[in-house]
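Student: I am new to this structure and would like to look at its side chains with you. Could you show it to me and talk me through it?

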Amino acid sequence: MDVRRLKFWGWGFEDQQPPFAQVSEAAAGIRRRLGFPPDEVERPPSLGDLELPQPRLSPPASLADICSSDVYERATHAYGKSYRDIVRALRRRIDHPPDVVARPRDEGELEAVLDWCEEAGAAAIPFGGGTSVVGGVEPDVGDGYAGTVSIDLKALDRVLEVDRESLAARIQAGASGPRLERQLREHGLTLRHYPQSFEHSTLGGWIATRAGGHFATLETHIDDLVESVRALTPSGWWESRRLPGSGAGPSPDRLLIGSEGVLGAITEAWVRVRERPRFKASAGVLFRSFEDGAAAARALAQSGLHPSNCRLLDPAEAATTGAAPEGRALLVLGFESADHPLGPWLARGLELCRDHGGEPEGEPRISGDLARADDGVATWRDAFLQAPYLRDTMILGGVIAETLETAITWDRFADFVAAVRESAERAVAGECGAGRVTCRLTHVYPDGAAPYFTVLAPARRGSELEQWDAVKRAASEAILAAGGTITHHHAVGRDHRPWYDRQRPDPFAAALRGAKAAVDPSGILNPGVLVDPEGGS
């Protein structure tokens with residue numbers, strides 16, 4: 001049976017890449033819509049174009065069946081899916097390919113692989129869906145290792161146990177979003193954690209990166225859905241007791257959640273699941289300004305209504321996606337429940353929006369009417385799901401397309417967004433000559449929100465990385481200076497390390513290095529991410 005292969009250079013499967021003529025037409029249309037001058041469209045690279053250095057390592061005979069050093073495997077495990085990753089792969093530039101890709105099929109084989117890495121002095125990079133946008137899986141580990149081994153955990157992909165009484169499930173870490181949802185559906189349940197990378201990212205990757213998901217309020221991150229975690233470290237197994245809550249000292253789960261592979265390879269977790277929603281209600285609300293929409297979002301977050309969706313698009317982003325009339329911000333407001341109809345919740349939510357100048361766009365959608373495709377909510381939802389595919393086309397067409405996300409408290413919100421936007425726009429103008437910076441809110445809390453900035457600008461062929469790095473640097477400096485976090489849900493990786501090192505307290509950094517030394521004394525797990533071994537920064 002043929003197995004679908006992922007692209008080594010972009011998003012999705014190889015058979016999902018449109019014909020070049022279609023890509024050229026789409027890229028030209030995008031540039032016209034953005035107001036950029038015409039430019040040539042690049043052809044995607046082929047595997048035969050790649051020249052990789054010879055592997056420095058060979059697996060022992062006992063692991064040969066689950067290890068590979070072929071060009072495809074090494075190329076597809078060399079990068080995540082950030083703009084920098086895609087541009088380098090598009091240019092046939094694979095900077096740090098792993099020497100070996102291991103695909104353990106069970107925990108015993110994972111133990112054997114990790115033991116071999118430690119004996120060989122090789123860096124071990126836990127790898128889930130490979131969707132990192134911050135350099136979290138790139139084997140850029142320096143010269144202190146005999147080689148690198150990417151440990152792909154996608155074969156550990158089963159729902160092992162379901163506890164209907166407690167509404168919880170034990171799921172292997174390599175299960176992708178669609179894979180685990182299909183298995184939970186057999187029990188009438190859902191995890192309902194939908195990051196934009198849902199199609200290819202995995203449960204273990206979500207936990208390792210503290211991924212943000214479907215819900216705009218309450219359970220915004222995978223943290224909120226985890227009961228316990230099991231992980232393998234070079235010093236042995238790390239597994240917490242499964243409990244609804246505990247006050248027994250610092251949480252072992254919370255140390256693993258967000259650890260990005262530096263403390264262990266996550267193999268499974270007990271997670272909180274729920275009955276599949278039977279009732280839904282949603283509406284699009286138009287505002288005259290992003291500021292008015294943000295005031296409504298704050299009122300909703302503080303109301304106790306707990307909407308499942310409360311995403312606010314500024315006028316520029318709403319217009320770019322065709323989700324709202326020119327000059328209007330759009331709030332996508334939604335509620336869902338497995339227990340009760342939601343009309344009163346939506347009605348009260350719309351009242352709060354009207355208090356801040358919001359005008360509902362058309363009739364609200366209640367339950368079965370959610371799929372109606374003639375309004376801004378449906379238009380935005382389609383654009384959101386297609387964005388990773390569309391970005392490939394943009395990059396081939398010479399458009400810089402990347403994002404920055406953060407979080408800030410409400411009292412500093414307006415000045416913060418203005419400062420970050422201004423810094424990013426100034427850098428875009430200086431580096432690219434033209435372009436736009438848009439903003440949306442992805443998650444809202446009673447005490448603050450998560451602004452998410454998108455940069456679209458014309459690229460100079462061959463200088464794209466320098467252009468993007470300058471914009472990223474300017475915006476990141478502004479985020480830190482104004483008191484925000486360098487990441488709300490995209491993780492730290494290698495790309496955010498310079499700002500993460502300044503954001504975290506120094507005593508905490510020392511404590512994290514101590515924890516790493518205890519579980520990974522040779523420092524082989526994902527070196528360069530989060531923290532350097534003891535003696536480093």
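Student: Let's start with a charge over a ring: which residue has its charged end over the ring of Trp 270?

Tutor: Happy to begin there, with a word on the source: this is a predicted model, where local features need pLDDT of at least 70, side-chain atom pairs count only at pLDDT 80 or more, and totals for chains, interfaces and linings use all residues. Residues are numbered from 1 along each chain as its sequence is written, and side-chain values use heavy atoms, with hydrogens and water left out. A charge sits over a ring if NZ of Lys or CZ of Arg is within 6 Å of the ring centre and within 35 degrees of the ring normal. At 3.8 Å from the centre of the Trp 270 ring, the charged end belongs to Arg 242.

Student: Which residue sits over the ring of Trp 237?

Tutor: Here the charged end lies 3.9 Å from the ring centre. The residue it belongs to is Arg 230.

Student: Is Phe 198 buried or exposed?

Tutor: Buried means under 20% relative accessible area, exposed over 50%, and partly exposed in between (1.4 Å probe, protein chains only). Tyr 194, at 23%, is partly exposed. Phe 198 has a relative accessible area of 18%, so this residue is buried.

Student: Why does the pair of Phe 290 and Phe 413 count as tilted?

Tutor: The ring centres are 6.3 Å apart and the planes stand at 35°, so the pair is tilted.
Helices (H or I, at least four residues) and strands (E, at least two) are DSSP runs, numbered from the N terminus. Phe 290 lies in α8 (290–301) and Phe 413 in α12 (410–432), so the pair ties together parts 123 residues apart in sequence. The value behind the tilted label is the angle between the planes, 35°.

Student: How far apart are the closest N and O atoms of Glu 42 and Arg 91?

Tutor: A salt bridge is a side-chain nitrogen of Lys or Arg within 4 Å of a carboxyl oxygen of Asp or Glu, and the structure holds 41 of them. Glu 42, at 17% relative accessibility, counts as buried, while Arg 91, at 29%, counts as partly exposed. The closest N and O atoms of Glu 42 and Arg 91 are apart by 2.4 Å.

Student: In which helix do Arg 88 and Asp 85 lie?

Tutor: Their side chains meet in a salt bridge at 2.9 Å, N to O. Arg 88 is buried at 5%, and Asp 85 counts as buried at 2%. The two are three residues apart, about one turn of the helix, and that helix is α3.

Student: How many disulfides does a search of the whole structure find?

Tutor: A disulfide is a pair of cysteine sulfur atoms within 2.5 Å. For Cys 432, the nearest cysteine sulfur, that of Cys 439, is 19 Å away. The sulfur of Cys 439 is 14 Å from the closest cysteine sulfur, in Cys 310, too far for a bond. Across the whole structure, the number of disulfides found is zero.

Technical notes:
Rings of Phe, Tyr and Trp (its six-membered ring) pair if their centres lie within 6.5 Å; planes under 30 degrees apart count as stacked, over 60 as edge-to-face and the rest as tilted.
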